[in-house]
2 protein chains.
Amino acid sequence: MDIKDYLEERIKIVDQALDRFLPSEEKYPQVIYKSMRYSIFAGGKRLRPILVLAGADLFNKDLKGHLPAACALEMIHTYSLIHDDLPAMDDDDYRRGKLTNHKVFGEDIAILAGDALLTLAFEILSREENIRDPLLSIKVIGELSAAAGIAGMIGGQVVDLESEGKGVDRNTLSYIHTHKTGALIRASVRTGGILSRAEDWELKALTQYAEALGLAFQIVDDILDIEGEEEKMGKRRGMDSVQQKVTYPSLYGLSAAREMVQELYNESLRSIEILGDRGNLLKQIAKFLVSRDY
Amino acid sequence: MDIKDYLEERIKIVDQALDRFLPSEEKYPQVIYKSMRYSIFAGGKRLRPILVLAGADLFNKDLKGHLPAACALEMIHTYSLIHDDLPAMDDDDYRRGKLTNHKVFGEDIAILAGDALLTLAFEILSREENIRDPLLSIKVIGELSAAAGIAGMIGGQVVDLESEGKGVDRNTLSYIHTHKTGALIRASVRTGGILSRAEDWELKALTQYAEALGLAFQIVDDILDIEGEEEKMGKRRGMDSVQQKVTYPSLYGLSAAREMVQELYNESLRSIEILGDRGNLLKQIAKFLVSRDY
């Protein structure tokens, strides 16, 4: 199986599920539904849902039981992007080559669309028809809310905002990356395991894999911001430097950053050696993510 | 028992529990914890937690099992106030006589503090030590997320924003009130019942009580905005008119609005007649809320 074909097929499955879980644009008041759908269907890579679904493959479970959590993670990720792009935050006009949510719908609706996506994530996870075992659902809600909250993603965003234009040391940069993007990637992989009733030692391996991969993924983002092709990425290059953001390449240099990606990639592979052949899919996903050019 | 003493004692219990559930201000990054605590402890009436706890009294359950949900509801309520006050929304500088969150911490941190409180609400409900029966916890998460989401509170806020400065008809005004404030009050009363394993007929009575009370509560707010004492309310009078908000008094006239409060109050009492003496506490709470002057 070619990993690109696999990922494309998974993106289709995730997009169809998101379309089912998101209420129709015909509902009243229409503007909020349009705003939520606008950002959800703005062309994301669907990395987090794909990692949740990979957990079903790994343990030979059917995808259907993993889809609500996969979509909930994408909603939380999308809400965080909408709020990050606001004028009071990163003040971005474009994302993935399209106008950001508040540029299309106004700041008020953008804030509420973000709030609504975060809330809908938990609503989907608690809906009777999406629950197979209440205890597993509660565990997933706990995993996602902790990863998205102050000790996770929001904490990372706060430190990121507070650090703009200031000299940031290596510990602070590591905190930002492991929290702002790392926490949700970690939660995605772990959720795939939790829903598959992974044993503790399996979950531990998956967690280590996810932590290494999450950081590698973010450093690749930082590198692409310096040398990526704008057309492929759908955004302008050099924004980190414009926004005076400290990144791995700016703090360690470009070649050291590249080496770190390679090391983290190797670490992600090593972490799941213990899973044997079952880990092959996750290894291919990791390889794809660290060698991507968008 | 005097209802004022009862409510004061309950506020103390809720405040202590909120203090336990909210992480310390000493944690890193401090500013977000300070911002969350600032708005949570800005002097709310704790109506929603009190209604959850009243459900424990009604069914003779101990309060402890209801406290996480009671605090989660206050967190969701507080997040909605922080976001509502933002410049892009209602643009309020003061609430309850204190500067609004964004005036103290900046817009970026205020948005994130709101996000964090909403997320923490679900984290608390899914934490192992707060769960007695996973199925009940999932039901409460479903109740809260539906009430706080697009088909509830957020939907009401969207229509409210879209209606500013426009002529609003009675149906639209009713939609705004039943969704923007009504949905969360309804969820509070229902959560108190759900956690007490109320029977369907009991939950139905509680729901009708909550719907009548929630609307009465909001109309009283509208009336106080016209004739309340600023000092007691901790906010300026006449803001609805300044913000060109259509309210019950502005649409129906002050005396008709007062009559509606009385009718809704009577309806709330009638709804719980079926519960017999067990409903006395809820009746007293309703009486207190419709005759309040702040």
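This is a predicted model: local features need pLDDT of at least 70, side-chain atom pairs count only at pLDDT 80 or more; totals for chains, interfaces and linings use all residues.

**Entry 1: the cis prolines.** I located B:Pro29 in the loop between helix H1 (3–21) and H2 of chain B. The peptide bond leading from B:Tyr28 into B:Pro29 is cis, and I read an omega near -5°. A:Pro29 sits in the loop between helix H1 (3–21) and helix H2 (30–40) of chain A.

**Entry 2: positive phi.** I looked up two non-glycine residues with positive phi. B:Arg46 has a phi of about 60° without being a glycine, and I found B:Arg46 in the loop between H2 and helix H3 (47–58) of chain B. Is B:Arg46 buried or exposed? B:Arg46 counts as buried because 23 other C-beta atoms lie within 10 Å, and the cut-off for buried is 20 or more.

In chain A I took A:Asn60, whose phi is near 55°, again positive in a residue other than glycine. A:Asn60 belongs to the loop between helix H3 (47–58) and helix H4 (67–84) of chain A. A:Asn60 is exposed, with 8 other C-beta atoms within 10 Å; the limit for exposed is 12 or fewer.

**Entry 3: chain A as a whole.** I counted 15 helices and two strands in chain A. The C-alpha atoms of chain A fill a box of roughly 50 × 50 × 35 Å along the principal axes. For 294 residues a compact globule would have a radius of gyration near 19 Å, and the 18 Å of chain A agrees with that. Of the 294 residues in chain A, 51% are buried. I also looked at contacts in chain A between residues at least 6 apart in sequence: 70% of these join residues at least 24 apart.

**Entry 4: helix H14 of chain A.** Helix H14 (residues 254–271) of chain A has 18 residues and spans 26 Å from first to last C-alpha, close to the 26 Å expected at 1.5 Å a residue. Which residues of H14(A) are buried? I listed A:Val261, A:Leu264, A:Tyr265, A:Ser268 and A:Ser271. They lie on the same side of H14(A), because they cover an arc of only 125° around the axis. An α-helix has 3.6 residues a turn, so residues three or four places apart point the same way. The cover over the buried residues of H14(A) includes helix H10 (200–227) and helix H15 (280–290) of chain A. On the face turned away from the buried side I noted the exposed residues A:Ser255, A:Ala256, A:Glu259 and A:Gln262.

**Entry 5: the two chains.** I found 40 residues of chain B in contact with 40 residues of chain A. On the chain B side, the elements giving two or more residues are helix H2 (30–40), helix H6 (107–126), helix H7 (134–148) and helix H8 (153–163). H6(B) gives the largest share, twelve residues. By class I logged 25 nonpolar, nine polar and six charged residues on the side of chain B that touches chain A.

How are the copies related? A rotation of 180° with 0.0 Å of shift along its axis superposes chain B on chain A, at RMSD 0.0 Å. The two copies are therefore related as by a two-fold rotation axis. In chain B the C-alpha nearest the axis belongs to B:Pro134, 2.9 Å from it. The copies meet through the same surface, because 100% of the interface residues of chain B are also interface residues in chain A.

Note on methods:
Residues are numbered from 1 along each chain as its sequence is written. Chains are lettered from A and ligands numbered from 1 in the order in which they are written. Two residues are in contact if their C-beta atoms, placed from the backbone, lie within 7 Å. Helices (H or I, at least four residues) and strands (E, at least two) are DSSP runs, numbered from the N terminus. Ala, Val, Leu, Ile, Met, Phe, Trp, Tyr, Cys and Pro count as nonpolar, Asp, Glu, Lys and Arg as charged, and the others, Gly among them, as polar. The expected span of a helix is 1.5 Å times one less than its number of residues. The arc is that of the directions from the helix axis to the C-beta atoms. Copies are superposed by least squares on the C-alpha atoms of residues with pLDDT of at least 70 in both. The radius of gyration is taken over C-alpha atoms; the globule rule is 2.2 Å times the number of residues to the power 0.38.
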